[in-house]
Amino acid sequence: MIRQPIVSVLGHVDHGKTTLLDKIRGTSVARREAGAITQHIGATEVPIDAIYKICGKLINKKFKVPGLLFIDTPGHEAFTTLRARGGALADLAVLVIDINEGIMPQTVESINILKRYKTPFVIAANKIDLIYGWKNCKDEPFIFAIQKQKEEVQQSVDEKIYKIVEKLYELGFSADRYDRIADFTQNLAIIPMSAKLGIGIADLLLVLVGLAQRFLEENLKTEEGPGEGTVLEVKEERGLGKTIDVILYSGTMRKGDTIVVGSHDEPIITKIKAILKPKPLDEMRDPRDRFLSVDEVHAAAGIKIAAPNLENALAGSPVIVADDNLEEVVNRVRKETGIHIETQEEGVIIKADALGSLEALAYELKQEGLPIKMADIGDISKRDIVNAQTIGNPLYRVILGFNVKILPDAEKEASKIKIFTNNVVYKIIEDYKEWMDEKKR
Ligand code: GTP
Ligand code: MG
């Protein structure tokens, strides 16, 4: 048996990630016929039967992959750095690029993350419907829709794709329109599409299952045994208290199981009180009555876990079932939640909103040969500024913040040192290096 691959969707702001996921979820979420798309907590499952149905004559063979589990974006960049066992949580990714705008800063950022985790990905070249002269073709596969376009429009599509191909080449990838690729191990597939009109959704799903089947089969073998997952979000729920939304990527979780969850300090040891799934819309009598309680769940799935003492649970950290190996599991969670960033006597201070994003920033600094004195999670505080003032080398007397704010009491002190914040790692580094060059002059 193999489980469904976990697929994440990333890309530059406004390029169409949410629209794509909404379209994939489509109208069939509410329908409960066999093969219908099901909603999970924090994820959407497209079973293989639904993929056959959506793809129609595009598919002429059977796949072993039982479907695809798309992670729904919680809406912050750190999501792209969610991990599982130190690697990427997602088995596959879809990088959305607005075909008219091309590669933008957060596209590059996404590519860097995918490279670092060695996550296979495809490119959804979105918004083809905005290309001048495009003729509707709602919900059709791209390869049929393109044939119905005028010669100039077809050319226009290819010119725009070529621009993306050129940029990707500079970034170290050989890419092409997916229907012109013979070897998917050597080439990055570009699927032109319109999330808004549903064009190319079939092609995208087909390429994803094809990739999963060919290159991931080994990684997707289901492991029987204790459940392992990653915390997507920590949420307060009426009547349930603090709960965690979890993507279960391996094994089984049962009601009553002892779990260990990563936190800001010591790992939390608790017992699962309830495992919750979303209720189908037509069974919901009251909008507050959104969950269905189940006794057990197998990977891969998105679930909500209710348990005591989850107040300090940390998004992005592991949640692992323990039985007689509690101590071992606690040690593992502690290790995976801890900050393992090499620091030096002399260096800069870095802050980020989550472990994954902190590591992403540290990694890029290391590539540049820039030393780090201190690395921590959280907004920039007064204490960070006081710390930065003690740095000897004036070139390192800075704080680099990724996806963080400057706290109000730190704001007053902020003029004493230099602070660089951004939600794009390489922009932080670029700005910092520019400042250093200026200072050296
Ligand atoms: P963030 O979450 O803010 O990063 O954006 P996003 O990538 O999720 O983009 P979103 O799906 O919210 O789309 C941004 C805008 O582009 C919305 O107004 C969408 O309606 C529009 N849009 C998305 N896909 C398409 C498309 O295929 N064609 C057209 N014409 N508009 C699109
Ligand atoms: Mg969005």
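Let me start with two terms. Helices (H or I, at least four residues) and strands (E, at least two) are DSSP runs, numbered from the N terminus. And two strands pair if DSSP finds at least two bridges between them.

With that in hand, look at strand S19: Val-246 has Ile-303 in S19 as its bridge partner.

Before I go on, some housekeeping. This is a predicted model, where local features need pLDDT of at least 70 and side-chain atom pairs count only at pLDDT 80 or more, while totals for chains, interfaces and linings use all residues. Residues are numbered from 1 along each chain as its sequence is written, and chains are lettered from A and ligands numbered from 1 in the order in which they are written.

What is pLDDT? It's the predictor's confidence in each residue, from 0 to 100. The chain has a mean pLDDT of 89, and 94% of its residues reach 70 or more. Confidence is lowest in strand S5 (residues 83-84), with a mean of 72, and highest in strand S14 (residues 258-261), at 98. Keep in mind that where pLDDT is low, the predicted coordinates should not be read in detail. For the complex, the predictor gives an ipTM of 0.98 and a pTM of 0.87.

Back to S19. Is it buried or exposed? Here's the rule: a residue is buried if 20 or more other C-beta atoms lie within 10 Å of its own, exposed if 12 or fewer, and partly exposed in between, with C-beta atoms placed from the backbone. By that count, 6 of the 6 residues of S19 are buried, so the strand is largely enclosed by the rest of the structure. Ala-301, Ile-303 and Ile-305 cover one side, Gly-302, Lys-304 and Ala-306 the other, and all are buried.

Ala-300 is in the loop between strand S18 (296-298) and strand S19 (301-306), and a cis peptide bond joins Ala-299 and Ala-300, with omega at about -5 degrees. For context, most residues other than glycine have a negative phi, and most peptide bonds are trans.

Where are they? Asp-14 lies in the loop between S1 and H1, and Lys-127 in the loop between strand S8 (121-126) and helix H4 (142-145). Asp-14 is partly exposed, because 14 other C-beta atoms lie within 10 Å. Lys-127 counts as buried, because it has 25 C-beta neighbours inside 10 Å.

Now, strand S1 (residues 6-11). 6 of its 6 residues are buried, so S1 is largely enclosed by the rest of the structure. Ile-6, Ser-8 and Leu-10 point one way from S1, and Val-7, Val-9 and Gly-11 the other way. S1 runs parallel to strand S7 (residues 92-98), joined by 5 bridges, with Val-9 partnered by Val-94 in S7. S1 is also parallel to strand S4 (residues 67-71), through 2 bridges, and Ile-6 stands opposite Leu-69 there.

Next, the ligand. How many residues surround ligand 1? There are 15, and the closest are Gly-16, Lys-17, Thr-18, Thr-19 and Lys-196; a residue is near a molecule if its C-beta atom, placed from the backbone, lies within 6 Å of it. Helix H1 (residues 17-25) gives the most to that shell, with 3 residues.

Last stop: 4 strands form an open sheet in the order S22-S21-S23-S24, with parallel pairing. Strand S22 (372-377) and strand S24 (418-422) stand at the edges with a single partner strand each, so one side of each is left without a neighbour in the sheet.
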